[in-house]
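Dear colleague,

My notes on it follow directly after.

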Amino acid sequence: MSKSLESILQIAAILVVAALIAVAGSDGGATFSGISVFALCAIIAFVMQWIAFIPAYLRQTEHFFDLVGALTNLSLIACALLLSGNLDARTILLAAMVSVWAARLGWFLFHRIQAAGADRRFTKVKPNPTRFLLFWTTQGLWVFLTLAAALAAITSLHREPLGALAAAGLIVWVGGFAIEVIADRQKSTFRNNPANAERFISSGLWAWSRHPNYFGEILLWCGVALVAAPVLAGWQWVTLISPVFVILLLTRASGIPLLEASADERWGSDPDYQTYKTRTPILIMRPPAG
């Protein structure tokens, strides 16, 4: 099977998954002009990627890939808020949580790619339009599934006052967000020092986990799910796949496996790195021994 045909089939599979989640998340949700707001958000998520793909392919650049992802997150939240109506403390809290995360991460990743000059993930796929389109379509699925629980809660016709579960969710989110921001800053500072060009980071939060930023990312989406859960009903419960999707994506797909393989290639023969791997958890943070 050719790479192009394989990419087309993968795009089709992505759209089927998104359609099923869109149907489930629309259960008991607000509509706009007869169309489910939740489903409309799903459509917007993919359309924004496909529109951005056109200039990206023509210019053979991935420089605004992550920025488009962040803008899509913000656009879906804005769409859900504006078209659902009946806003309350929960919807505003969820919108704020997602928006702060999206704006911070999008800006951070955009500046990182500008500084690096290129993203190695795209080196071989950019010349092939279907393979490059697959990356953009996958980003649409990432945005939609990651936001699914928050979007379902915002568009839900059911409203409940904030309670203990929402408070717990906010605490978890704040903890996760703080860990992610601190870990990213520590690594950026480390990488900006020319003396560390060929070294691996093992200080700060990176002494507690080999991927503390991902641990923080998982925590904050678990927090979002906790805040969203009390107003979900019926098939909307399917949208709690959001944190599960994030966990699987980071631990089984594009996150940790790729970074671990890259690190092993660079430092696999370094005894210090092998010691670091032995002593430091791959994801869940733990104070360093001694």
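Over the ring of which residue does the charged end of R104 sit? The ring is that of F108, whose centre lies 5.3 Å from that charged end; a charge sits over a ring if NZ of Lys or CZ of Arg is within 6 Å of the ring centre and within 35 degrees of the ring normal.

This is a predicted model, in which local features need pLDDT of at least 70 and side-chain atom pairs count only at pLDDT 80 or more, while totals for chains, interfaces and linings use all residues. Residues are numbered from 1 along each chain as its sequence is written, and side-chain values use heavy atoms, with hydrogens and water left out.

Rings of Phe, Tyr and Trp (its six-membered ring) pair if their centres lie within 6.5 Å; planes under 30 degrees apart count as stacked, over 60 as edge-to-face and the rest as tilted. The count comes to 16 aromatic pairs. One of them, F53 with Y57, is stacked, at 5.8 Å centre to centre and 20° between the planes. These two residues are four apart in helix 2 (residues 37-59), and therefore separated by about one helical turn; helices are DSSP runs of H or I, at least four residues, numbered from the N terminus. F53 is buried (under 20% relative accessible area; exposed is over 50%, partly exposed in between; 1.4 Å probe, protein chains only), at 12%, whereas Y57 is partly exposed at 27%. Ring pairs also link F53 and Y57 with F64, F65, F132 and W136 in a cluster.

Helix 2 is followed by Q60, which has a positive phi near 50°.

With kind regards
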